[in-house]
There are 2 protein chains.
Amino acid sequence: MKTLEEKILREGTVLPGNILKVGSFLNHQLDVDFLMEMGKEIARLFKEDKPTKILTVETSGIAVAMGAAAEMHIPVVFAKKHKSGNLSGEMYKTVVHSYTHGTDYTVVVESQFLSTDDRILIVDDFLANGKAILGLVDIVNQAGATLVGASCAIEKGFQKGGDELRGMGIKVESLAIVESMDDNTLTFRK
Amino acid sequence: MKTLEEKILREGTVLPGNILKVGSFLNHQLDVDFLMEMGKEIARLFKEDKPTKILTVETSGIAVAMGAAAEMHIPVVFAKKHKSGNLSGEMYKTVVHSYTHGTDYTVVVESQFLSTDDRILIVDDFLANGKAILGLVDIVNQAGATLVGASCAIEKGFQKGGDELRGMGIKVESLAIVESMDDNTLTFRK
């Protein structure tokens, strides 16, 4: 998505540890009009796959998921990162390693919100090592739902997650794939 | 908002400790089409106040904020609940007491995302004791921005937060105000 690449070049900053900071529109401030445009693009990429529900994980995935869901008129379920007082009943659980924070965390989804009839599109903000998306794939499998694919706003193509998921036969569509980045230059995959 | 009241009656459940569980559309699964309708109502209620930005707090506030922001074509800033590896630079901070979890937590907003020119509308999913919104009001004040008001999806009218905020002269518009609830009945403020 050309407009996303341009926005990353204009507003993004690279921090030590391969962190691409896009807090001005995706991770802290949300450029909602732009997120709705990104959602339209995700809807276009997965139209033929007829998803019935989007699965994401809190927090930053929610805004991207909502943009896509608004265009497709389907619900979002967001996995929660720890057991909350407001969760009850049967849950699917999986453990995810966070690249950004260097820790493991458990994500949970109440089982009532995923059914064997669902065709799930996984959406997230970033795809780097792919651990968050693999965790969501595990939850889709636990639910016996059908996975139609995964879409993320920004993929770090120099990390292995996206290509590993594709190697598993999963349809992965990233709106922008960063091929390399350092303090001075940032290039995208053609 | 009559349709929200009906949805709460149809899908909500009351748990011990005055918890109203609306995970099917607001806190775990997101009924995105309905959230966009709620957003239109918030936009209508605050049209005259000309907000330039919506301020909310992760996680569940984001979806409500996005619905309103999509209708008003303004950005959202979501306060973060703990210092993340992706935050840097100057920050506004405040401490909030969580009614649901029984703990205090710090919320932060990078100062670059709020300016003295901004007219801030605070949006959240729930309003009970009002501590989260008071924390966001504190951040708006730290930034020297103008507060135009606060809107939440569901106010627990039998707790004091909403009326305290109104008593401070803040325009508070809740889409549904629960006057009383127990296991068997749930009534709304007229």
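Because the model is predicted, local features need pLDDT of at least 70 and side-chain atom pairs count only at pLDDT 80 or more, while totals for chains, interfaces and linings use all residues. Residues are numbered from 1 along each chain as its sequence is written, chains are lettered from A and ligands numbered from 1 in the order in which they are written, and side-chain values use heavy atoms, with hydrogens and water left out.

**The interface**

The contact (heavy atoms within 4.5 Å) takes 42 residues from chain A and 43 residues from chain B. Together the two chains bury about 3500 Å², and 61% of this area lies on carbon and sulfur atoms; buried area is the accessible area, found with a 1.4 Å probe, that two parts lose on being put together, summed over both.

Two salt bridges are found across the interface of chain B and chain A, where a salt bridge is a side-chain nitrogen of Lys or Arg within 4 Å of a carboxyl oxygen of Asp or Glu. One of them joins Glu110(B) to Lys21(A), with 3.0 Å between the closest N and O atoms.

Strands of a sheet pair through backbone hydrogen bonds, either parallel or antiparallel.

| Strand | Partner | Sense | Bridges | Residues opposite each other |
|---|---|---|---|---|
| β3(A) | β5(B) | antiparallel | two | Leu30(A) and Val76(B) |
| β5(A) | β3(B) | antiparallel | two | Val77(A) and Gln29(B) |
| β9(B) | β10(B) | parallel | six | Lys156(B) and Val178(B) |

An open sheet of seven strands with mixed pairing has the order β11(A)-β10(A)-β9(A)-β8(A)-β4(A)-β5(A)-β3(B). Its edge strands are β11 (186-188) of chain A and β3 of chain B, each of which pairs on one side only. Helix α5 (residues 131-143) of chain A lies across β4, β5, β8 and β9 of chain A, running at about 165° to β8(A); axes are lines fitted to C-alpha atoms, for helices over the stretch in contact, and angles run from 0 to 180 degrees between N-to-C directions.

Another open sheet of seven strands, also with mixed pairing, runs in the order β3(A)-β5(B)-β4(B)-β8(B)-β9(B)-β10(B)-β11(B). At its edges β3 of chain A and β11 (186-188) of chain B each have a single partner strand, so one side of each is left without a neighbour in the sheet. Helix α1 (residues 2-11) of chain B packs on this sheet, touching β9, β10 and β11 of chain B, and its direction makes about 175° with that of β11(B).

**Local features**

A cis peptide bond joins Glu58(A) and Thr59(A), with omega about 5°, and Thr59(A) is found in the loop between β4 and α4 of chain A. In chain B the peptide bond from Glu58(B) to Thr59(B) is cis, with omega near 0°, and Thr59(B) lies in the loop between β4 and α4 of chain B. His73(A), in the loop between α4 and β5 of chain A, has a phi near 55°, a positive value in a residue other than glycine.

Over all chains the count comes to 22 salt bridges. One of these joins Arg166(A) and Asp163(A), at 3.1 Å from N to O; these residues are separated by about one helical turn, because they are three residues apart in helix α6 (residues 161-167) of chain A.

How values were computed. Pairing = 2+ DSSP bridges. Helix = DSSP H or I, 4+ residues; strand = E, 2+ residues; numbered from the N terminus.
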